[in-house]
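Q: Before going through the features one at a time, I would like to see the model. Please show the sequence and the structure.

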Amino acid sequence: MVNYFELANISYRYPDGTHALRDLSLTIGRGERIALIGHNGAGKSTLFQQLNGILQPTTGEVLFNGQKMSYRKKELKRVREHVGIVFQDPDAQLFSGNVKQDIAFGPTNLGLTQQEVQARVDWAIAQTEIDSLADKPIHFLSLGQKKRVAIAGVLAMQPAVLILDEPTAGLDHYYANQIFSLLRQLETPERTVLLSTHDTQLAYEWADRIVVLHEGTIIYDGNPYDIFSQDDLLQKAHLEKPWVFDVATTLGAPTPLPRTRAALKDFLRTKTLG
Amino acid sequence: MLLIDKYAYINRLKDVHPMEKMVFTALLLLFSLTVRDQLISLITFIVMSAFIIFGAKIPWRYYVKLLLLPSFFLLTSLLAILVSFAGPTSALPPHIFALSFTRFQLFIGVASVAVAKQLFFVVLASISALYFLILTTSVQAICYVLYKWRIPPLFVELCEMTYRFIFIFLENTQKIYIAQQSRLGYQSPRQWLRSVGLLVSALFIEVLQRSTELTSAMLSRGYDPSNTTPLYFEEQWQFRKRNWLGIAVIFGAIVAVYVGGRQW
């Protein structure tokens, strides 16, 4: 199976001279759950915008579905049909008058018929549980609601690669969890979800691959366990150990380590019983 | 959040087909503007106000407040129309009031009174008609009708975005203003001026940033600037024969009053 993305030694420099990405290589396969972690300004958003051709690397190349991206208009359209990005600030993304119209924007651009657009919109609304908001104007919504509408707008395009830039930023724990459970529902063997977050506990629970970005380069790319035992790396990237991981390793849990609160509880029960 | 905008979504006539409301507004508004008749304008004002207060159930106190908003502009322009000046020796046209000073004469002409009266009534009618539309119909619904009326999609899209951006800027202005106030930015007139300057420049930067972000977001969702995709509107309203009949009867009656009044 061909990987969705192969990034080979890409660098990106903003016009003002800031090196946002330095010699970065990354492969994104099918059906992956990747959490991208890195402190503010590490280059996460820049990396995401490389993936759908909004930004073009200064050096290096990006392969999408095995083909080198040429940044021609037609090809960009094809890429963007398959790669959906949910931006961090929903106000930057939502511009239509009301919720339904905004969700319909992407599917309409795909050239679908009115009926198909309608079906996609209804589906996305049902998936994100925003039925009660469907006819409201955007400025009536709270931040959490806007975030869900922004996700619905991208979902409605049914992208093969779903990219979310800090989907939980500014949300309380309840809504953050809700977004992750939504992501679990959206899993298919083909779809890859890539998200950036600061919440290491949520990343540890959800991801099957963690990528750590630091000053424009990748300093860790691998399973969600090894990273958290490398203290120097954690310190360098300003990361905190997930509490479940911390408790589990302190108590000497066997591998694979429990990743969720429930799994940790199960382990504690067997430990006390045994 | 603007109250006037909020009412557009919660009033009792929100489910009436926007086409009906717009046709009704347009007919009455255009007719009163064309004939410029005091009686017709007054009737238009009464009909529209009745629909706003009893039909849409907008609190009358709020409606009165809204009417007072443009009255400042109306009064100043009325004053400018009413009061005329002439040289100290020139003969005055027919007038109802005059004052002579050594260097000039000030007077209120009969003709200006007529113009001012006409203006007053026409403005009253127009304001009430527009308030009826604004208070009962959301901007999306208005855009939907404009789209159906084959107004270029570019223009309709622009309307919608402008509408959305008004709220983004209001929100940001408010946030910045509160932040400035909480750090004592508005204590003296000097500080006030400085803070307002900073606020405005911050908003300008915001515009640039927002538009770049928005373009990226739109491109990410498959937007092709060279190719206008049809706009998406959901048909959530239904035409009602009763409403069309009502519009025809009201408009017919107003025309009849006008024609009857002339012949008399």
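A: Domain bounds come from an automatic or database domain assignment. This is a predicted model, and chain A is divided into domain 1 (5-241) and domain 2 (243-274).

Q: How many residues does the contact take from domain 1 of chain A and from domain 2 of chain A?
A: Contact means heavy atoms within 4.5 Å. Domain 1 of chain A supplies eleven residues and domain 2 of chain A supplies nine residues. The C-alpha centres of these two domains are 31 Å apart.

Q: What area do domain 1 of chain A and domain 2 of chain A bury between them?
A: The two domains bury about 920 Å², with 54% of it on carbon and sulfur atoms. On the side of domain 1 of chain A, the residues that lose the most area to domain 2 of chain A are A:Tyr204, A:Tyr225 and A:Lys241, together 59% of what that side buries.

Q: How many residue pairs are in polar contact between domain 1 of chain A and domain 2 of chain A?
A: The count is seven residue pairs, both residues at pLDDT 80 or more. The touching side of domain 1 of chain A has six nonpolar, two polar and three charged residues.

Q: Is A:Ile54 buried or exposed?
A: Buried means under 20% relative accessible area. A:Ile54 counts as buried because its relative accessibility is 19%. A:Ile54 is in the loop between helix 1 (44-51) and strand 4 (59-64) of chain A. Leaving aside neighbours within four places in sequence, the contacts of A:Ile54 include A:Arg80, B:Ser216 and B:Leu219.

How values were computed:
Residues are numbered from 1 along each chain as its sequence is written. Chains are lettered from A and ligands numbered from 1 in the order in which they are written. This is a predicted model: local features need pLDDT of at least 70, side-chain atom pairs count only at pLDDT 80 or more; totals for chains, interfaces and linings use all residues. Side-chain values use heavy atoms; hydrogens and water are left out. Buried area is the accessible area (1.4 Å probe) that two parts lose on being put together, summed over both. A polar contact is a pair of N or O atoms within 3.5 Å; within protein, one must be able to donate a hydrogen and the other to accept it, and residues adjacent in sequence count only if both atoms are side-chain atoms. Ala, Val, Leu, Ile, Met, Phe, Trp, Tyr, Cys and Pro count as nonpolar, Asp, Glu, Lys and Arg as charged, and the others, Gly among them, as polar. Helices (H or I, at least four residues) and strands (E, at least two) are DSSP runs, numbered from the N terminus. Buried means under 20% relative accessible area, exposed over 50%, partly exposed in between (1.4 Å probe, protein chains only).
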